[in-house]
Amino acid sequence: MIRFDCDYNESAHGAVLAAIAATAGEQHPGYGTDAHCARARDLIRSACDAPEAEVHFLVGGTQTNLTVIAAALRPWEGVIAPESGHIAAHETGAIEACGHKVLPLMHENGKLSAAAVAQAVEKARRDPNAEHIVQPALVYISQPTEYGALYSVSELAALHGACRAAGVRLFLDGARLGYALAADEGLTLADYARYCDVFTIGGTKLGCLFGEAVVITDKTLSPGFRNLTKQHGGLLAKGWLLGAQFETMFTDGLYLACGRAAVESARRIKAALAQKGLPLAFESPTNQLFVELTRAQSAALERDFALGHWDATGGETDVLRICTSWATTPQQTDALIAAIENL
């Protein structure tokens, strides 16, 4: 069975595993105060062209989202997100369980528009019963979206402007950011630092054993952030294990290389689907492809390949997700393409 159901089904890139192994015998102070974390922070600041940014390392994606959102919101405030956003649809109500409401908005392929955000904030503030309702104070987006779509430079800049005008912050979840960077849509890490108050650089889905880097450009989010990280279970005692991983990923372009490998595999599979006449449910330039298949076609592919079941169309077809990763090999890609050609 070859797995194309997610992008975190292998442990870690060999260079990352070697870096972790190399820490054996070293002694470090705990909780991210070590030399590996310090160098990783400097490398990330340099990559983002943001020398004043704060960088924190947490263990997993949900606790990272919880911590950032807790830092950004007062008790009566909520976070705007697309209806399809990870915090709205795939984190088991974690944000609400910790005391903040997710305020879902309609979206296009997972993307929010600047106009929709501005309208939602204005509506909440002008409500005659404003003191009785949750007030939006943060906007959550992800890059790529849950549908594999990407915000362009102009779309991200417009969202940033709308948030500034409304006095709310912009938070970008970058759990798959390396795949977005590899998709050649014009955005760089420096752009994310410029247009976001806080964003994450995902490691778990991009070659690390575990770990997410939080990049804070709005210093008003900084007070107590380490306390919140501890409170939400994200402050790793052996923090150098996170630092060594991100230190490796941001040396010699490894992070970008991991993203490019996955996107190239996805492009080859996408071409094979088009050649076979199999329709895509959403247009995605990244490592996630959403293809509409008949039940017979799905069954044929799933004899040898693990795929993600995304949605039922209500007819004789389902939408399945094909997800490549940093670890997908050319041989695995060739095998899936051959199976698609034989459908």
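Which residues in α2 meet which residues in α11? I found H36, C37, R39, A40, L43 and I44 in α2 meeting W240, G243, A244, F246 and E247 in α11, where contact means heavy atoms within 4.5 Å.

**Ground rules.** I am working with a predicted model, in which local features need pLDDT of at least 70 and side-chain atom pairs count only at pLDDT 80 or more, while totals for chains, interfaces and linings use all residues. Residues are numbered from 1 along each chain as its sequence is written, and side-chain values use heavy atoms, with hydrogens and water left out. My helices (H or I, at least four residues) and strands (E, at least two) are DSSP runs, numbered from the N terminus.

**α2 with α11.** I went on with this pair. Helix α2 covers residues 35–48 and helix α11 covers residues 240–249; their axes come within 7 Å and cross at roughly 35 degrees. I note that axes are lines fitted to C-alpha atoms, for helices over the stretch in contact, and that angles run from 0 to 180 degrees between N-to-C directions. The crossing of α2 and α11 is left-handed; that label applies if the near helix is turned anticlockwise from the far one by less than a right angle, and right-handed applies if clockwise. Sorting the residues of this α2 and α11 contact, I get seven nonpolar, two polar and two charged. For the classes, Ala, Val, Leu, Ile, Met, Phe, Trp, Tyr, Cys and Pro count as nonpolar, Asp, Glu, Lys and Arg as charged, and the others, Gly among them, as polar.

**α1 with α11.** Next I checked helix α1 (residues 14–22), which packs with α11 at an angle of about 140 degrees, the axes being 9 Å apart. That makes α1 oblique to α11; angles under 35 degrees count as roughly parallel, over 145 as roughly antiparallel, 65 to 115 as roughly perpendicular and the rest as oblique. The crossing of α1 with α11 is right-handed. On the α1 side I see A15, V16, A19 and I20, and on the α11 side L241, A244, Q245, T248 and M249. The classes in this α1 and α11 contact are seven nonpolar, two polar and no charged residues.

**α6 with α7.** How are these two helices oriented to each other? Helix α6 (residues 114–126) and helix α7 (residues 153–166) pack at about 15 degrees with axes 8 Å apart, and they are therefore roughly parallel. Their crossing is right-handed. A114, V117, V121 and R125 of α6 meet A158, L159, A162, C163 and A166 of α7. I sorted the residues of the α6 and α7 contact into eight nonpolar, no polar and one charged.

**α3.** I looked at the span of helix α3, residues 61–72. Its twelve residues reach 17 Å from first C-alpha to last, close to the 16 Å expected at 1.5 Å a residue, the expected span being 1.5 Å times one less than the number of residues. Buried in α3 are Q63, T64, N65, L66, T67, V68, I69 and A72; buried means under 20% relative accessible area, exposed over 50%, and partly exposed in between, with a 1.4 Å probe and protein chains only.

**Two loop residues.** W326 lies in the loop between β12 (317–323) and α14 (330–341), and it is buried at 12% relative accessible area. V263 is 63 residues from W326 in sequence, yet the two are 8.6 Å apart in space, C-alpha to C-alpha.

G203 sits in the loop between β7 (198–202) and β8 (212–216). Its relative accessible area is 0%, so G203 counts as buried. Apart from residues up to four places away in sequence, G203 touches C208, G211, E212 and F246.

Most residues other than glycine have a negative phi, and most peptide bonds are trans. I therefore wrote down the exceptions below.

- D49, in the loop between α2 and β2 (54–58), has a positive phi of about 50 degrees although it is not a glycine. D49 counts as exposed at 59% relative accessibility.
- N109, in the loop between β4 (102–105) and α6, has a positive phi of about 55 degrees and is not a glycine either. At 30% relative accessibility, N109 is partly exposed.
- The peptide bond from Q143 to P144 is cis, with omega near 0 degrees. I found P144 in the loop between β5 (135–142) and α7.
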